[in-house]
Structures are given as structure tokens and as C-alpha cells.
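Here is a short report on one protein chain.

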Amino acid sequence: MNPTDQPLAYWWPLATSQQLGVGKPLARVLHGRPLVLFRERDGRPAALPDRCPHRFAPLSAGCVRDGAVECPYHGWRFNGAGQCTRAPGSLDEGSSAVLLQPLQARDSHGLIWVRDAKLPAPALPCSATQEGLDLFWMHDKVRCSLQEAAENFLDAFHTHFVHAGWIRRDSKRQRVIADIRALEDGIEARYSEERLQPGLISRLFEGSRGESFGRFRLPGLAEIEYRDARGRLTLLITAWLVPAEAGHLQVIARIATRRGWLPGWLKRLLIRPLFGVVLRQDKRILEAVSANQQRFADCAEQWGPVQMLDGRQDLLGPWIRQLLLKGRLDDFAARRLELEL
Ligand code: FES
Ligand SMILES: [Fe+2]
């Protein structure tokens, strides 16, 4: 199984639990499939194709009544199993026929997850328990691929240029040790011997620096974790990268900081604008890179096909590509490198 051939076998988060209320359905696109999300009467989430079987009105434009999604056109209602429970005016009772094939949906770890129930289920891609942390959520849509965004998020060597002053500076590099190891469903880099990064974000949110980690887990989780000199977690930034319409990626990001480091109200005030700047910087370069790759793919006949060139500092990118393509690491051996970060 791999996310390129069988993407819907995996669990994908499509919204935060909070975003999915009881009365209003949500429209989402997962790997090109338009979906409607809603909550059933007992609060459990449900996911159906976002089309009424009657005349194809988008169900997400309707409302939720009695735990069923109601079409905005003639009011037909559908439960989480995809059965019609009401067809107003017809005098028909609801029927047990499945008119819309449902996807499996779960509410867990603060997110609404969806997958195709007909395929064998892998585990939820979540990070370890986050007790004692303040959580902040951010959402965006970027015109690029999952692989491009995952690599960008976990590539520490673009931060000196794209986020100069915010995360790192080219003029203030440090010698670091990077250990790369395989995870059961991904790949991880551990950076040691880096003192605090010179950028504003590290100075605000970290007390001291012990180790940091960058990890990718299938099908689309990219995570950066910072620990202080005593091994305590200070900052955990998790991005779930979810392919939506062709060429577009839905990004759900969660920023977790240790409780007590800064008062909650101050964090709330700082985190969204600060991380918003960083996300916009990444979005700009990612969309430019993605569009440029397409330009050169389009003229491959004239110039011949071109391939990306990996440098010694591209610690995770090549392995992320392999994981997305094959669902596993083939020829990987753990290794240690010294680099200037
Ligand atoms: S199109 Fe949905 S009820 Fe007619
Ligand atoms: Fe970045």
C-alpha cells in the first residue's frame, strides 16, 4: 500500500473537531473527491460524496437536521450511512438502500479523519500525547504537491533565506550533528549541538535548546519538535498536508507550546501573526517552485526532461519522495552527518 496508488486507504484529517459543528455541513475535497462532512445525532462525524443523488445539488450547501444532511434543493435527507431518510412530498418512507457510498469518519486528536472503509486500515498519523501543552490551529490552502510541501516544511536549509531573521540567518550558521533514522511509517532527522536559533521565533518560544527533530510520517504528516536542555518539549509544530483539488493542498497546522512558558493570552496574540508570516513566506516560494516545475515539464520536449538535484544537506527530501511513491523505505541506512545550519 502507498499513498500514490491507494491514497484513500490512509486516514486523512479534513477539519478540526471544532470546525465541524452540529447544524452545518462542511465541504471538503480529498484527492479530487468532493465530500460533505456532518455530525450524526450522537455527534459522530460522517462523510459522504458531496452530491445529492436526486439532481446533484451540493449537499454541503444544505443544513443538518436530526443528524442527517438535508439537500438545499428539494430537501431530501441522508444519514451517515448514505441512506435517504426523507424525500419530502413523495409520501415515501425512508429507504434502507445506500444511495451515497459513505467514507469511514472519526473524531480523534482534535481532528476529523476520513478514509475508505473498504481498504485495510493503517494507524492514525498523530503525534505523541500533548499533555501540558497549549494548542493553536491554523489553516491554509497552497498550490503545490504534498511532496513539495512536506520537503519544504522539514528542510532546515531554506530557513536562512526564505525566513531570514524569523527562523535563522545565513550569517549566523552553527555546526550541528544530524542523525537520520527510519520510523515505522516515516523518516526522522534529529539535530543536536545546535544552540538556540538566531531567529525571532526561537528566541520567543524556546528557553534553551537541547535537541530538535524533523519528521515525516505517511501519508502526509510533517512535524518539527524542539526540546530544551532538560529534554522537555518546548515547541511542536505539526502540519497535516492533505491533497485536495488537483494541484491544491489543504494544510492543517497545529502549534503546540509548553504551558507556562508565556501566558496563554500573550501566546494567542503572538502565535497567529508570527507563524502567519512564516506560512506566507513558505507559500510564496512553494507556489513559485511548483509552477516553475510545471513550466519545465511543459517544455520537456524542447529541453528534455530535467530532474531535481539533491545536495548533501537534503536530509529528508529524497526519503519523503520514496515513502510517498512506495509506501516504505527501500534502501535506507541510518546515518550521521555534520552540517552547517
Ligand atoms: S437535488 Fe437534492 S433533493 Fe433534489
Ligand atoms: Fe519554511
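The protein has six helices and 18 strands. This is a predicted model.

**Size and packing**

How does the radius of gyration fit a compact globule? For 341 residues, such a globule would have a value near 20 Å. The protein has 22 Å, so the two agree. Along the principal axes, the C-alpha atoms fill a box of roughly 75 × 60 × 30 Å.

Burial comes next. Of the 341 residues, 52% count as buried. Residues 24 or more positions apart account for 58% of them.

| Property of the protein | Value |
|---|---|
| Residues that count as buried | 52% of 341 residues |
| Positive side chains | 47 side chains |
| Negative side chains | 39 side chains |

**Surface and charge**

**Cysteines**

How many disulfides does a search of the whole structure find? It finds zero. Cysteine 63 shows why a bond is ruled out there: the closest cysteine sulfur, in cysteine 71, is 9.8 Å from its own sulfur. A disulfide needs the sulfur atoms within 2.5 Å, so 9.8 Å is too far for a bond.

Is cysteine 52 buried or exposed? Cysteine 52 has a relative accessible area of 1%. Buried means under 20%, so cysteine 52 is buried.

Conventions: Residues numbered from 1 in each chain as written. Chains lettered and ligands numbered in written order. Predicted model: local features only at pLDDT ≥ 70, side-chain atom pairs only at ≥ 80, totals over all residues. Heavy atoms only, no water. Helix = DSSP H or I, 4+ residues; strand = E, 2+ residues; numbered from the N terminus. Rg over C-alpha atoms; globule rule 2.2 N^0.38 Å. Buried < 20%, exposed > 50% of the residue type's maximum accessible area, 1.4 Å probe, protein only. Contact = heavy atoms within 4.5 Å. Lys, Arg positive; Asp, Glu negative; His and termini not counted. Charge placed at Lys NZ, Arg CZ, Asp CG, Glu CD.
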